[in-house]
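Hi,

Here is the structure I promised to send over. Please have a look, and then read on for what turned up in it.

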Amino acid sequence: MADSSGQQAPDYRSILSISDEAARAQALNEHLSTRSYVQGYSLSQADVDAFRQLSAPPADPQLFHVARWFRHIEALLGSPCGKGQPCRLQASKGRRVQPQWSPPAGTQPCRLHLYNSLTRNKCFLHFL
């Protein structure tokens with residue numbers, strides 16, 4: 001597959017076979033500069049394989065494509081899995097519950113001013 005400059009994009013397997021971690025991260029960054037996933041248009045086994053080879057997002061700010069991709073895949077799969085462990089999508093964390101609101105300490109009770117356009121009167125509502 002050719003990229004916009006007409007050069008052939010490297011196959012993701014050749015990127016994963018690079019033994020030097022810095023060189024592999026650089027090659028992966030170049031690969032991800034034109035796509036959202038390692039292979040295809042959605043999360044695939046190629047993404048899981050590449051994700052397993054990384055222990056954390058790269059510290060080098062020049063590798064922002066890999067850092068973006070890593071955070072996205074980590075949100076979907078959780079922390080990087082070991083080679084023998086299966087990686088799965090994170091289960092839904094369930095419905096969040098908001099804590100009950102309470103006014104800040106030492107403040108006056110809230111007053112709501114309403115204007116009734118029919119009677120042309122203002123009324124005040126007090127809340128605790």
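F51 and W69 are both buried (under 20% relative accessible area with a 1.4 Å probe and protein chains only; exposed is over 50%, partly exposed in between). This is a predicted model, where local features need pLDDT of at least 70, side-chain atom pairs count only at pLDDT 80 or more, and totals for chains, interfaces and linings use all residues. Residues are numbered from 1 along each chain as its sequence is written, and side-chain values use heavy atoms, with hydrogens and water left out.

There are two aromatic pairs (ring centres of Phe, Tyr or Trp, the last by its six-membered ring, within 6.5 Å; planes under 30 degrees apart are stacked, over 60 edge-to-face, the rest tilted). The F51 and W69 rings have centres 6.4 Å apart and planes at 80°, so this pair is edge-to-face. F51 also pairs with F70, in a tilted arrangement with 4.9 Å between centres and 40° between planes. Together, F51, W69 and F70 make one aromatic cluster.

Elsewhere, A56 sits in the loop between α3 (45–52) and α4 (64–77). With 38% relative accessibility, A56 is partly exposed.

Best wishes

Key
Helices (H or I, at least four residues) and strands (E, at least two) are DSSP runs, numbered from the N terminus.
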